[in-house]
Amino acid sequence: MTVALRPLTAADGDRVLAWRNSEAVAPYMYSDHAIGPAEHAAWLSRALEGGDRRFWIIELDGIGVGLANLARIDAANSRCDWAYYLADPATRGRGVGACVEYLVLSFVFERLALNKLCCEVLVENESVWKTHEGFGFTREAYLRAHVRKGGVYRDVIGLGMLAADWLAAKITARERLAARGVDVDSLEAGAAALGQV
């Protein structure tokens, strides 16, 4: 199994729109409506501009299976936010999310040398916030009734990781991934190749 991140391109637009509206992704996003072509085109244009955001297609053995991104990259305060999703349910339970986590954490803390990485996860998306905690993220907030989906207010868990946390967590993460048969050195090379912000 090879997991890699490659930059989002305009050619990915139709596939990403289908993912964003899919049953595998839409229930876990903050938006609560079917995303139309015009709205998606505007989003894709902004995503491709770069600026304080970076978007990558998650590839499993060379096939696109999801999207990862950094948002609000703030050099002055040395922090950013991140999120990802796996759009193909067949990828779940195979360690793909753990590989993505490792790639992004390595990139943020070792390549960009930021001090903090943050994320928010709907409370019912337990597998994702538990994955984050397993990598050393700390729960920093429990945001009550933070998002409204289907007419119901949903709670959100806010998590954060500091560069010092990653130094301690990286060894354990490497060992767990290696035990699953992941070539961790290749992951690190992939993180280094993601480019500079």
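## Basis

This is a predicted model, in which local features need pLDDT of at least 70, side-chain atom pairs count only at pLDDT 80 or more, and totals for chains, interfaces and linings use all residues. Residues are numbered from 1 along each chain as its sequence is written, and side-chain values use heavy atoms, with hydrogens and water left out.

## Helices α1 and α2

Two packed helices are described by the angle between their axes and the distance between the axes. Here the axes of α1 (residues 13–20) and α2 (residues 37–49) come within 10 Å and cross at roughly 115°. Axes are lines fitted to C-alpha atoms, for helices over the stretch in contact, with angles from 0 to 180 degrees between N-to-C directions. Helices (H or I, at least four residues) and strands (E, at least two) are DSSP runs, numbered from the N terminus.

On the α1 side, G13, V16, L17 and R20 meet P37, H40, W43 and L44 of α2. Contact means heavy atoms within 4.5 Å. By class, this contact has 5 nonpolar, 2 polar and 1 charged residues. Ala, Val, Leu, Ile, Met, Phe, Trp, Tyr, Cys and Pro count as nonpolar, Asp, Glu, Lys and Arg as charged, and the others, Gly among them, as polar.

## Aromatic pairs

Rings of Phe, Tyr and Trp (its six-membered ring) pair if their centres lie within 6.5 Å; planes under 30 degrees apart are stacked, over 60 edge-to-face, and the rest tilted. The count comes to 5 aromatic pairs. In one of them, the W19 and Y85 ring centres are 6.4 Å apart with planes at 85°, so the pair is edge-to-face. W19 is in helix α1 and Y85 in strand β4 (residues 79–86), 66 residues apart, so the pair links distant parts of the chain. Both W19 and Y85 are buried (under 20% relative accessible area; exposed is over 50%, partly exposed in between; 1.4 Å probe, protein chains only).

W82 and Y84 have ring centres 5.3 Å apart and planes at 20°, so this pair is stacked. W82 and Y84 are buried.

## Charges over rings

The charged end of R139 sits over the W129 ring, 4.7 Å from its centre. A charge sits over a ring if NZ of Lys or CZ of Arg is within 6 Å of the ring centre and within 35 degrees of the ring normal. R176 lies over the face of F135, 5.2 Å from the ring centre.

## Two single residues

V128 lies in helix α4 (residues 126–134). At 18% relative accessibility, V128 counts as buried.

A168 is in helix α5 (residues 163–179). At 57% relative accessibility, A168 counts as exposed.
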